[in-house]
Amino acid sequence: MCVTRTGRWAESLRHTLRRVYDPTTRTPVPWLLSGDAALALQGVDVEPDVIEFRAISPFAAAYFAQFMKPYEVPANKATIIYRRGGNVPPSESWHSNVHQRIVAWSHAGRACWFGRWLVDGATVQVSYVRSVYSDPVAQAVRPEAEVRRASFEGNLDVAVVPIEFLLAESAATNDAQFTRRILHAMRSCGYSTDLLRSALDVLPSEKASRLTRLLEFSLVAG
């Protein structure tokens, strides 16, 4: 696995993994590192602002929250309470607390269970998403899915959302510049053609074909 040089976010990830790593050595893996941090561990030149984990179920998200108790807002501080049963996500200022470790909301065919903590100045969050729409990351975060691991600091093999599915997610959000950076990392560090095929299946065929052509062009150009 190709791994880039870590940055300031690494300290927050290190402290988080001290708490949530052990369950990922079991089967099924209850949560995977996702977002920019997963991309950074797979060779993409990115400095994560948020460390994201995706859980395989609402129960796994709640299980994750139990490990993060030392970082939740304590009972003796003012806390923001999210209205239960809402249809909009909590505000950016909401963090998991003794009253609400995990919050849930649903809107327009998408339901989310979510927790958020501040670890050494960086935001760490976990989510489980269930949607009627195509979600490339959800395809990777399934109990029966193949688990990819990326090395972190030489002694941890972190379960991550594969770069192939994160590429599809970036393309689905039409982030062309970031998609090119992911393609560059895949050219340099390699990828699984089988996983790429599975990841692109959730995209419209025209967009999937374009990504395949771009990746092939990158390989030829390299």
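Buried means under 20% relative accessible area; exposed means over 50%, and partly exposed lies in between (1.4 Å probe, protein chains only). Keep that in mind for the tour.

This is a predicted model, so local features need pLDDT of at least 70 and side-chain atom pairs count only at pLDDT 80 or more, while totals for chains, interfaces and linings use all residues. Residues are numbered from 1 along each chain as its sequence is written, and side-chain values use heavy atoms, with hydrogens and water left out.

**Stop 1: aspartate 135**

Select aspartate 135. Where does aspartate 135 sit? Look in the loop between strand E5 (122–131) and helix H4 (136–140). Helices (H or I, at least four residues) and strands (E, at least two) are DSSP runs, numbered from the N terminus. Aspartate 135 is buried, with a relative accessible area of 15%.

Now show its contacts (heavy atoms within 4.5 Å). Leave aside neighbours within four places in sequence, and aspartate 135 touches Arg54 and Val129.

**Stop 2: arginine 54**

Arginine 54 is buried, and so is aspartate 135.

A salt bridge here is a side-chain nitrogen of Lys or Arg within 4 Å of a carboxyl oxygen of Asp or Glu. The count by this rule is seven.

**Stop 3: arginine 148 and glutamate 164**

Select both residues. Their closest N and O atoms are 2.8 Å apart, in a salt bridge. Arginine 148 is in strand E6 (residues 148–152) and glutamate 164 is in helix H5 (residues 163–172), so the pair ties together parts 16 residues apart in sequence. Are these two residues buried or exposed? Both arginine 148 and glutamate 164 are buried.

**Stop 4: helix H7**

Go to helix H7 (residues 193–200). Arginine 197 and aspartate 194 both lie there, three residues apart, about one turn of the helix. Their side chains form a salt bridge of 3.1 Å, N to O.

Next, pick Glu11, Arg14 and Glu153. Salt bridges that share partners join them into one network.

**Stop 5: the nonpolar cores**

A nonpolar core is a set of buried Ala, Val, Leu, Ile, Met, Phe, Trp, Tyr and Cys residues joined through side-chain atoms within 4.5 Å. The largest has 63 residues. Select Leu13, Leu17, Leu33, Leu41 and Phe53, which touch the most other members. H5 gives the largest share of this core, six residues.

Finish at a second, separate core of seven residues. Its members include Trp94, Val103, Cys112 and Phe114.
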